[in-house]
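This report describes selected strands and a helix of the structure shown below.

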Amino acid sequence: MGISKKLLSDGEQVVLSVRTHPKALIGPVALLILLVAGVITAAMLQPDNSVVGLGAAVVAVPVVIIWVVIPFVRWMTSTYTVTNRRLITRSGVLTRTGRDIPLFRINDVAYEKDLLDRILGCGTLIISDASEKAGLVLPDIPHVEQVHLQISDLLFDRDDGNDDDGSRVPGESPRNNR
């Protein structure tokens with residue numbers, strides 16, 4: 001999981017790599033179970049007439065592909081990676097999209113957890129950055145509080161005067177926050 005090492009620059013290291021919480025698959029898995037149960041029931045109710053069971057299976061296959069397989073493949077191919085220099089998002093199956101935000105451009109990191117998120121151990125991470133594009137909202141991040149803390153540590157606690165760790169704009173003088 002995560003980003004290929006060939007896409008990292010010299011000295012850049014992956015700090016954290018996650019994908020959305022598996023709760024995103026609850027609906028597709030429930031639908032799959034219902035469809036399988038429906039096809040089996042249709043076949044069992046008409047054992048001497050296999051046309052009903054075959055018809056149910058023919059209807060179920062495109063439904064499974066559209067509402068089960070595609071969401072699963074999307075879930076598998078969407079990742080969020082934090083390196084010591086940037087935040088990287090990648091998603092998409094046929095058309096890959098991504099966004100890279102240098103750490104020195106991030107102004108604020110926040111998270112939200114509703115009741116279901118608290119029960120399942122995930123939440124929404126909200127990244128505000130200093131760019132013309134709107135900030136980034138990453139839904140259903142597992143252990144969002146720990147991810148929030150790791151990113152905050154990278155942003156605010158690691159300004160050691162080196163330009164290569166993403167903690168500040170290259171060439172800018174070190175922060176005096178200690």
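## Hairpin and strand pairing

A hairpin of six residues connects β6 to β7; strands here are DSSP E runs of at least two residues and helices are H or I runs of at least four, numbered from the N terminus. Strand β7 spans residues 136-142, and its pairing with β6 is antiparallel, with five bridges. Two strands are taken as paired if DSSP finds at least two bridges between them. Within this pairing, C122 has P142 in β7 as its bridge partner.

Strand β6 also pairs with β5 (residues 106-112), again in the antiparallel sense, over six bridges. Here I126 of β6 lies opposite A110. Of the eight residues of β6 (122-129), six are buried, that is, under 20% relative accessible area, with over 50% counted as exposed and the range in between as partly exposed (1.4 Å probe, protein chains only).

## Helix α2

Helix α2 comprises 28 residues (50-77) and extends 38 Å from first to last C-alpha, close to the expected 40 Å, which is 1.5 Å times one less than the number of residues. A bend of about 40° occurs at V64, given as the angle between axes fitted to the seven residues ending there and the seven starting there.

V64 is also one of the buried residues of α2, together with G53, A60, V63, V68 and W75. The cover over these buried residues includes α1 (26-45), where contact means heavy atoms within 4.5 Å.

## Basis of the values

The model is predicted: local features require pLDDT of at least 70 and side-chain atom pairs pLDDT 80 or more, whereas totals for chains, interfaces and linings use all residues. Residues are numbered from 1 along each chain as its sequence is written, and side-chain values use heavy atoms, leaving out hydrogens and water.
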